[in-house]
Amino acid sequence: MTTSASSTLDRSYSLQNWQGGHQSLKEEYSYWIDEIDGQIPADLQGTLFRNGPGMLDVNGELLHHPFDGDGMICAITFDQGRAHFRNRFVRTEGYVAEQAAGKILYRGVFGTQKPGGWMANAFDLNFKNIANTNVIYWGGKLLALWEADQPYRLDPATLETIGLDDLSGLLKPKTPFSAHPRIVPGTDGSRLVNFSVQSGPITSITVYEFDEAGKCVAERKHTIPGFAFIHDFAVTEHYYIFFQNPVTLNPFPFLVGLKGAGECLEFQPSQPTKIWLIPRDAQQPVQKLTTDACFVFHHANSFDQDGKVIVDSVCYDTFPSLDAGQEFREIDFDTVPSGQLWRFTIDPEAQTVQRECITQHSCEFPTLNPAKASHPYQYLFIGATHTSTRNAPLQSILKLDLKSGDQEQWSAAPEGFVGEPIFVPKAEADREDAGWILSLIYNAANHRSQLLILDGENISQGPVARLHLTHHVPYGLHGTFTPHVFSPVDL
């Protein structure tokens with residue numbers, strides 16, 4: 001393992017260093033990245049799009065939770081050994097209104113309240129679409145995603161906001177469209193598969209499949225009993241898989257203006273996690289199975305094998321919530337549940353679920369070779385803590401060999417904090433792990449961010465290139481890579 005910190009450190013970070021990545025970036029930039037350590041691989045051609053909350057305050061008034069922040073898209077374009085950076089905020093209706101007013105006008109799902117106390121927030125159910133969770137280029141469209149509403153469409157070259165997109169009339173106003181689409185490769189071309197969830201006493205799930213031109217070619221609807229908080233899902237050749245986390249929602253504190261909706265979720269450890277297998281063939285019946293209580297934000301991969309369904313997921317033993325009166329920048333990681341990677345082996349015929357822990361290392365944001373999505377695979381790359389013995393911010397990239405059990409790690413500790421890794425296959429690669437691992441990290445030493453390029457075949461050797469930005473980028477959520485090169489304009 002190659003690290004920039006001693007392995008004997010009891011704590012791999014300082015809270016003050018970590019807090020620097022939770023500051024707003026209010027400027028919008030467009031420039032060629034000139035400060036580079038190492039060399040950009042010659043075969044790395046295309047555009048990395050990344051989304052996350054870029055505005056963590058409104059005119060100095062701090063948000064209660066980073067997930068309530070307005071979405072900011074970053075685009076790093078690679079072309080013939082050079083790289084260009086651009087960032088722009090998504091001009092949602094709420095972002096434009098709040099920037100004009102110079103104050104918070106909307107309640108946030110995760111606890112941000114309008115000024116004026118509970119009376120100013122009571123019975124205000126008008127959330128703003130913050131478009132801050134993911135971004136994907138598909139069917140000729142660049143879409144910024146937030147799971148509680150329609151996507152916003154952007155110009156892929158300039159990142160200028162075009163407006164809400166109803167996907168050719170598919171989505172009605174305020175229809176949820178998940179921020180976790182899955183691209184499933186196939187012999188007749190890849191498909192983008194995504195879903196919407198409308199929760200209540202009975203929860204409605206709709207799954208959509210889009211061809212490479214962006215046309216919806218399949219739609220499946222199903223209802224499940226009870227409230228469901230579902231952030232991600234999994235897809236195999238035969239199934240859509242949804243984990244119904246054992247949480248309940250008490251809406252009263254939210255309705256009367258005391259809490260955000262996300263603060264009203266309560267984990268039920270005595271209840272099982274329900275796993276719903278929805279066949280992609282609409283003629284086949286839906287199945288419900290159960291497993292021990294756990295909470296899942298993100299699934300790594302899934303596939304069918306020998307009549308069973310395999311799902312690899314990052315699991316928490318409880319819901320990692322933030323108390324209503326707690327400041328997220330002062331969080332004590334030792335008191336926060338950590339996520340570990342687990343494998344679920346589901347037998348639809350026997351109606352059984354077996355689970356085993358793949359790694360106890362605290363981790364999140366899994367990625368793999370896109371050719372192996374929804375197929376059996378060997379290698380997984382994931383953001384992880386520097387040490388495997390305690391919870392902490394993500395400071396390293398972990399490579400897992402799921403066949404041998406071997407692990408390889410590169411760490412940016414103590415002053416570096418990593419974001420979601422993205423796997424980009426090398427040109428004419430013949431190995432599953434032959435790819436470039438891209439991760440935007442925050443460097444607290446100079447309050448700037450860097451894009452790291454690691455070699456997937458040997459990540460412990462460290463970055464083959466570090467691209468130094470001239471500023472920091474707040475911690476982000478999700479992103480995607482496309483081989484399309486969008487030539488920088490307006491320089």
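## Strand β26 and its sheet

A strand, as the word is used in this report, is a DSSP run of E with at least two residues, and strands are numbered from the N terminus. The model described here is predicted. F365 has its place in strand β26, and its phi is near 60 degrees, which is a positive value in a residue other than glycine. The relative accessibility of F365 is 14%, and F365 therefore counts as buried, the limit for that class being under 20%.

β26 belongs to an open sheet of four strands, arranged in the order β26-β27-β28-β29 with antiparallel pairing. The edges of this sheet are formed by β26, covering residues 363–367, and β29, covering residues 407–411, each of which pairs on one side only. From one strand to the next, the twist averages 25 degrees. The pairing of β26 with β27, which comprises residues 379–384, is antiparallel and runs over four bridges; within this part of the sheet, C363 stands opposite A384 of β27.

The peptide bond that joins A413 to P414 is cis, with omega at about 10 degrees.

## The largest nonpolar core

In soluble globular proteins, nonpolar side chains tend to be buried together. In this model the largest nonpolar core has 26 residues, and F78, L438, I453 and L467 are those with the most contacts inside it. At least two residues of this core come from each of β3 (46–55), β6 (70–79), β7 (82–89), β31 (422–425), β32 (435–443), β33 (448–455) and β34 (465–468). Of the strands, β6 gives the most, with four residues.

When neighbours within four places in sequence are left aside, I453 is in contact with I40, P41, L44, F78, W436, I437, L438, P463, V464, A465 and L467. Apart from this core lies another one, of 22 residues, among them L265, I310, V314 and L341.

## β6 and its two partners

β6 is mostly covered, with nine of its ten residues buried. Strands of a sheet pair through backbone hydrogen bonds, either parallel or antiparallel. In the case of β3 and β6, the two strands run antiparallel and are joined by nine bridges, with F49 standing opposite A75 of β6. The pairing between β6 and β7 is likewise in the antiparallel sense, over eight bridges, and here C74 has N87 in β7 as its bridge partner.

β6 and β7 also form a hairpin, with two residues between the strands. Q80 is placed in the loop that separates β6 from β7, and although Q80 is not a glycine, its phi is positive, at about 55 degrees. The relative accessibility of Q80 is 71%, so Q80 counts as exposed, a class that begins over 50%.

## The annotated histidines

The unreviewed UniProt entry lists H180, H231, H298 and H478 under "binding site". These positions span 299 residues in sequence, yet no two of their C-alpha atoms are more than 12.7 Å apart, so they gather at one spot. From this set, H180, H298 and H478 are taken into the lining of the second largest pocket. The annotation comes from the UniProt record, and such annotations may be inferred rather than shown by experiment.

H231 is found in the loop between β15 (216–225) and β16 (234–235). With a relative accessibility of 12%, H231 counts as buried.

## S196 in strand β13

S196 has its place in strand β13, which covers residues 191–198. The relative accessibility of S196 is 4%, and S196 therefore counts as buried. Not counting residues up to four places away in sequence, S196 touches P176, F177, S204, I205, T206 and Y208.

How values were computed:
Residues numbered from 1 in each chain as written. Predicted model: local features only at pLDDT ≥ 70, side-chain atom pairs only at ≥ 80, totals over all residues. Heavy atoms only, no water. Core = buried A, V, L, I, M, F, W, Y, C linked by side-chain atoms within 4.5 Å. Buried < 20%, exposed > 50% of the residue type's maximum accessible area, 1.4 Å probe, protein only. Contact = heavy atoms within 4.5 Å. Pairing = 2+ DSSP bridges. Axes fitted to C-alpha atoms, helices over the stretch in contact; angles between N-to-C directions. 1 Å grid on protein atoms, 1.4 Å probe; cavity = no way out; pocket = protein on both sides within 12 Å on 5 of 7 lines; lining within 4 Å.
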